[in-house]
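Dear colleague,

I am passing a structure on to you, with notes on what was found in it. Please look it over before reading on.

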Amino acid sequence: MVRIYSEREFAQIRKACRILPQAFDLVEKEIRPGVSTAELNEIVDSFIRSHGATPSFIGVPGPPGVKAFPACCCISVNDEVVHGIPGGRRLVEGDMVKIDAGTQLDGYFGDSARSYPVGMISPERLRLLEATRESLLKGIEAARAGNRIGDIGAAVAGHVEPLGFSVVRDMVGHGVGGAVHEAPEVPNFGRPGHGLRLKAGMCLALEPMINAGGWRIRVLADGWTVATADGSDSAHFEHQIRVTDAEPEILTLD
Ligand code: MG
Ligand code: MG
């Protein structure tokens, strides 16, 4: 069952979402060699709370035998795809760091992610980062009422695969708005014209996870961090959008 949100509900969702681009703009200024991922997490956590919201990823249950997610942000570096746990790791020149954060405000949820260069990064890393950012925008363009879920994934994959990159298959975007994760799943690959038909009022998190090498992933020993199986780089961008009969509204822009 895919929820259709009302105008009044979108007013609430928008408030939860708008905190995120502001938090990202703030934390971006602190991304430099020597900063720890825990310090970056703290900046985002404090910002979200100072705006009356709560970080929505804290306490998300893990797989069996794994502790609940302990931090505000998922912070993943280089070959780590998503769900990295912030800690003492200090970024070094040339890293690519991905920050994914969620908010909850008055029962409504926001979700967004960005990838950042740390200092000067290699042209290969920069190319992956830019291609992933662009693929999200291609996906968003395809996310309008009357189109299908497969059109979104086809647009994302159709942008990055000709560049030699691969799309993570085992992790997908999702519905969001009244909970951290809702139906439907929104894969970053697909067949045009196939899958669930999009309707005005759906609220979706589109989040391409794009690898420089193969698409396969593995989970690290902490039970949370997802990394590429072949050790290649991965980039991630995420926006939460409102599906309309025309251009989607990007809710996680300032
Ligand atoms: Mg996210
Ligand atoms: Mg998400």
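The lining of the largest pocket is made up of nine nonpolar, five polar and six charged residues. Please keep in mind that this is a predicted model. The volume of this largest pocket is about 430 Å³. It is lined by 20 residues, and those closest to its centre are His83, Met171, Val172, His174 and His181. Strand E7 (173-175) and strand E8 each contribute at least two residues to that lining.

The second largest pocket has a volume of about 260 Å³. Its lining has 17 residues, with Arg114, Ser115, Tyr116, Arg133 and Phe237 closest to the centre. E5 and H3 each supply at least two of the lining residues. By type, the lining of the second largest pocket holds nine nonpolar, three polar and five charged residues.

The magnesium ion (ligand 1) is coordinated by two OD contacts from Asp100, together with Asp111 (OD) and Glu238 (OE), at 2.0 to 2.5 Å. Asp111 bridges this ion and the magnesium ion (ligand 2), and the two ions lie 3.1 Å apart. Glu238 sits in the loop between strand E13 (234-236) and strand E14 (239-242), while Asp111 is in strand E5 (residues 108-117), so these two tie together parts that are 127 residues apart in sequence. Relative accessibility is 3% for Asp111, which counts as buried, and 0% for Glu238, which counts as buried too.

Last, helix H4 (residues 149-160). At 1.5 Å a residue, its twelve residues should span 16 Å, and the end C-alpha atoms are 18 Å apart, which agrees. Is H4 enclosed by the rest of the structure or open to the outside? Ten of its twelve residues are buried, so H4 is largely enclosed. Among the buried residues are Ile149, Ile152, Val156 and Val160. The buried residues of H4 pack against helix H3 (123-142) and four strands: E6 (166-167), E8 (182-186), E9 (203-206) and E10 (209-211).

Regards

Terms used
Residues are numbered from 1 along each chain as its sequence is written. Chains are lettered from A and ligands numbered from 1 in the order in which they are written. This is a predicted model: local features need pLDDT of at least 70, side-chain atom pairs count only at pLDDT 80 or more; totals for chains, interfaces and linings use all residues. Side-chain values use heavy atoms; hydrogens and water are left out. Donors are N, O and S atoms within 2.8 Å of the metal (3.2 Å for Na, K and Ca); water is not among the atoms, so sites may look incomplete. Buried means under 20% relative accessible area, exposed over 50%, partly exposed in between (1.4 Å probe, protein chains only). The expected span of a helix is 1.5 Å times one less than its number of residues. Contact means heavy atoms within 4.5 Å. On a 1 Å grid over the protein atoms alone, a cavity is a set of points where a 1.4 Å probe fits but cannot get out, and a pocket is an open set with protein on both sides within 12 Å along at least five of seven lines; lining residues have an atom within 4 Å of a point. Grid points are joined across faces, edges and corners, and a volume is the space filled by probe spheres set on the points. Ala, Val, Leu, Ile, Met, Phe, Trp, Tyr, Cys and Pro count as nonpolar, Asp, Glu, Lys and Arg as charged, and the others, Gly among them, as polar.
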